[in-house]
Amino acid sequence: MSHRSFRWSALLALLALLFSLPFLALIGLAVQAEQTVWGHLWQTVMPGYLFNSLHLALLVGLGTLLLGVGSGWLVAMYDFPGRRWFEWALLLPLAYPGYIVAMVYMELLDYAGPVQRTLRGWFGWKTPRDYWFPEVASVGGAGVMLTLVLYPYVYLLARTAFQQQAGVLLEASRMLGRSRRSSFWRVGLPLARPAIIVGVSLVLMETLADFGTVQLFAVQTFTTGIYHTWFGTNNPSGAAQLALSLLACVVLLVALERHSRKLQKSQSRNLVVRPFPRRVPARPKQWLAVLACLAPLSLGFLLPSAMLLMWTWQSFARVHLDAFAEDALHSLLLAAFAAGCAVLLGLFLSYGLRLKTQRSLRWVVRLVSLGYAIPGPVVALGVLLPFSWLDREWLNPQLEAWLGWKATYLLSGTVLVLLFAYLVRFLSLAFGTVEAGLNGITPGMDEASRMLGRNSRQTLREIHLPLLRRSILTASLLVFVDVMKELPATLMLRPFNFGTLATRAFGYAAEERLQQASLWCLTIVAFGLVPLVLTNWKMRSASERATAPPSHRLSPVADPAES
C-alpha cells in the first residue's frame, strides 16, 4: 500500500471512529454501572417506558400505514379532481415537527380550548362529568399527532412503488377476471410491500426518537425517560442503560429497513416498467377520493397552519421581537455551520470510499450512517460523556495548573459540544446524499481524468464538484432544516441562557403560552417547506423527462442529483 493510499485509509478510519465515539462512551458507561441500577430500572420505570413506547409505535405504524398506502394508491391509480395537486400537497405535513402540531391541537382540544368551550355552550354542559371528550394528553393523542406528520414517509414510497410497478402484471390480473380492488390486494400491494416496509421502518424510528410530542403530552417513553433519568435524578449510568435499550430497538429497525431495500431491488429486477392507466371513477367515488386525500392534509398541515397564522396575528403586538431575532440568529448560525461541516465531511467520506474498496473500511465508515437513526437524547448523552471527561480529567487540571482557572468546562459547556452532536446526528444525511450523487458519475470519468494526468484531488475539484452541485445543495438544505427542527439534543446540550427557535417554542408550550410560540413555530415550518418544494420540483422534472418522447430526452450523462 502506497503512502498516499495509507493516508486516505487512516483518515477515513479516524473520522469514522471520531463519530462513533459517543456510542462507545455510552457502552462503556452502561457496562461500568452497578448491576443494581439495571435491576432498579426494571422494577420501577422500565416496564412503563417499554409499554408506552411499543404502544405508541404500534398506533403510529398502523395509522401511517393506513393513510400512506391508501392515499398513495388513490393518487397513483385513479384520476379525480385535484389529483395532481394532492400528489405533492400530501407531502406538506412532513414540514411540521410533531411537537408543533401537538402544541396546536393541545390549544384547540384542551378543556379550556375553543372546541370544548363551544360544545359546552351548545349543549349546556357545566363540568367534565357532564360529557365525555377524548383525552388529548395521552398515548393515543400522541399517536394521532405523530401519524399526521409522519404518514408522508409511507405515502411517498408507496406512491412511487405503485407508479413504477410493471403495468403488465396488473393488466394480467384484470384479464384473469380480478377487479381493481382484488388486483390491489393480490398484485399491487405485494409488489409494493418492500417499499412500504421501508417507509414504516422510517416512521417507527422517528416515533421512537420523538421527544417533544411525548414530553408535552406527559407520556413516559424511552426518550423522556433518558432525559428525566439524567437531569431529574442525576443518574447518568441509568440514562446510558436506557439509551442502549432504545439503541438496540433502532438498530433492529435499521436492519429491517436494509433488508427491505434488498427485497425491493430483487423484486423489481427484470420487470418491464410500464405505468398502469389511471381509471376515472364515478362522480360520487371521485369526491370520496378527494375527501380521503383532503382529510390528512387538512388535519396535518392546513388547520395547524391556519391556527398558527391567526395566533401570530393576534399576539404579534406582545411578541418580544428582540428575543425572536436572537433565537432566529442562533438557529441560523448553528444550522448553517452544521450543514457546511456535514457536507464537507460527507464529501470526504463518500469520495474516500469511491477511491478505496476495502470491505473492512466500508464497514467502518458505514457506522456513520447510524447517526440519523439514533434519537436525539441518546446522541446528546453519548456526546456529553467524552467531552465532560476531557474537561474534568485533562483540560480543567491543565488550566488550573497553568493559569489558575477552576472548573471552566470549556468543551462541554459551550456551543462546540452542540455542533458536534448535530454532526453525529446528521452527518449520515449529508454522506448518503453526496454518495448517491457520486454513484451517478461513471467510473470512466475518473479513468479519463487519470489518463490526462490528474490526481485524485484534481479529479474531485475539476470533475466531481461541478457535477455534484445539486447533490451538495440538497444535502446542505436537508441538514440545515433538520438542525433548525432538532429539539432534544439542543435542550440537553445548549449553553446556559442560549435559546433557539425550537427550544423557545417548546419552552412557551411547556408554560402553556402557546399563542406566543406561534411566530417561532411558523418560522420553523417555513424552513421545513424548503426541501419539500425542492423534492417536488426534482420529482416533477424527472417525471416529465421520463414521459417525454425519446428524441427530446437529454440522456448522455446521468444527473447525480437524481440518484
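Author: Happy to! Let us begin with a word we will need: two residues are in contact, or touch, when they have heavy atoms within 4.5 Å of each other. With that in hand, meet Lys485, which touches Leu94, Ala95, Pro97, Tyr99, Ala502 and Ile524, leaving out residues up to four places away in sequence.

A note on what you are looking at: this is a predicted model, where local features need pLDDT of at least 70 and side-chain atom pairs count only at pLDDT 80 or more, while totals for chains, interfaces and linings use all residues. Residues are numbered from 1 along each chain as its sequence is written, and side-chain values use heavy atoms, with hydrogens and water left out.

Lys485 sits in helix H20 (residues 469-485). Helices here are DSSP runs of H or I with at least four residues, strands are runs of E with at least two, and both are numbered from the N terminus. Lys485 is buried but has no salt bridge, and the nearest side chain of opposite charge, Asp482, is 4.3 Å away. Buried means under 20% relative accessible area, exposed means over 50%, and partly exposed is in between, using a 1.4 Å probe and protein chains only. A salt bridge needs a side-chain nitrogen of Lys or Arg within 4 Å of a carboxyl oxygen of Asp or Glu. As for charge, Lys and Arg count as positive and Asp and Glu as negative, while His and the chain ends are not counted.

One of the residues that Lys485 touches is Tyr99, and Tyr99 is among the buried residues of helix H5. In H5, 10 of the 12 residues are buried, so this helix is largely enclosed by the rest of the structure. The expected span is 1.5 Å times one less than the number of residues; for H5 (residues 98-109) that gives 16 Å, and the end C-alpha atoms are 16 Å apart, which agrees.

Now for charged side chains that do pair up. The count comes to 5 salt bridges. In one of them, Arg83 meets Asp79 with N and O 3.7 Å apart. Arg83 counts as buried because its relative accessibility is 7%, whereas Asp79, at 36%, is partly exposed. Arg83 also forms a salt bridge with Glu87, where the closest N and O atoms are 3.8 Å apart. These two are 4 residues apart in helix H4, so about one helical turn separates them. Like Arg83, Glu87 is buried. Shared partners join Asp79, Arg83 and Glu87 into one network. Elsewhere, Arg513 pairs with Glu511 at 2.7 Å between the closest N and O atoms, and Arg513 is partly exposed because its relative accessibility is 29%.

Helix H4 (residues 83-89) also holds Trp88. With 28% relative accessibility, Trp88 counts as partly exposed. Trp88 and Leu156 are 68 residues apart in sequence, and their C-alpha atoms are 9.2 Å apart in space.

Finally, step back to the whole chain. The chain has 23 helices and 0 strands, and 50% of its 563 residues count as buried. Among contacts with a separation of 6 or more, 82% are between residues 24 or more positions apart.
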